[in-house]
Amino acid sequence: MMPDHTLDARGLLCPLPVLKLRKRLKSLTAGDVIAVQADDPAAIVDVPHFCTESGHELIATEEAGGVQTYFIRKTG
């Protein structure tokens with residue numbers, strides 16, 4: 001999947017990956033897809049929960065080498 005934007009949140013601990021994602025999403029256009037890379041174990045719960053609560057669409061999740069990548073589509 002080719003995202004429109006990327007956010008490298010590796011090395012950041014909860015809640016920083018989600019806080020950086022929220023800030024970055026504000027500057028995106030509805031329909032844009034952002035790929036977020038995180039290695040914080042809490043991100044497995046935090047990122048999907050953030051998407052559910054904020055109304056953005058988590059369209060895919062991948063994991064490789066201890067890094068999770070979340071593909072999120074910004075809604076309205």
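I worked on a predicted model, in which local features need pLDDT of at least 70, side-chain atom pairs count only at pLDDT 80 or more, and totals for chains, interfaces and linings use all residues. I number residues from 1 along each chain as its sequence is written, and side-chain values use heavy atoms, with hydrogens and water left out.

**Helix pair**

I noted that α1 and α2 pack at an angle of about 35 degrees with their axes 10 Å apart. The axes are lines fitted to C-alpha atoms, for helices over the stretch in contact, and angles run from 0 to 180 degrees between N-to-C directions. Helices (H or I, at least four residues) and strands (E, at least two) are DSSP runs, numbered from the N terminus. I listed V18, L21, R22 and L25 of α1 as meeting D46, V47 and F50 of α2, where contact means heavy atoms within 4.5 Å.

**Two sides of α1**

I found P17, V18, L21 and L25 buried in α1 (under 20% relative accessible area; exposed is over 50%, partly exposed in between, with a 1.4 Å probe and protein chains only). They lie on the same side of α1 because they cover an arc of only 90 degrees around the axis, the arc being that of the directions from the helix axis to the C-beta atoms. K23 and K26, on the other side of α1, are exposed.

**Core**

I counted 15 residues in the largest nonpolar core, where L21, I34, V36, V47 and I72 have the most contacts inside it. Such a core is a set of buried Ala, Val, Leu, Ile, Met, Phe, Trp, Tyr and Cys residues joined through side-chain atoms within 4.5 Å. Two or more residues come from each of α1 (16–26), β2 (33–38), α2 (43–54) and β4 (67–73); α2 gives the most, with four.

I recorded seven bridges between β3 (residues 57–64) and β4, paired in the antiparallel sense; strands pair if DSSP finds at least two bridges between them. The two strands form a hairpin with two residues between them, and G65 in the turn has a positive phi of about 60 degrees. E62 stands opposite T69 in β4. I classed T69 as buried because its relative accessibility is 13%. Leaving aside residues up to four places away in sequence, T69 touches A35, V36, Q37, A60, T61 and E62.
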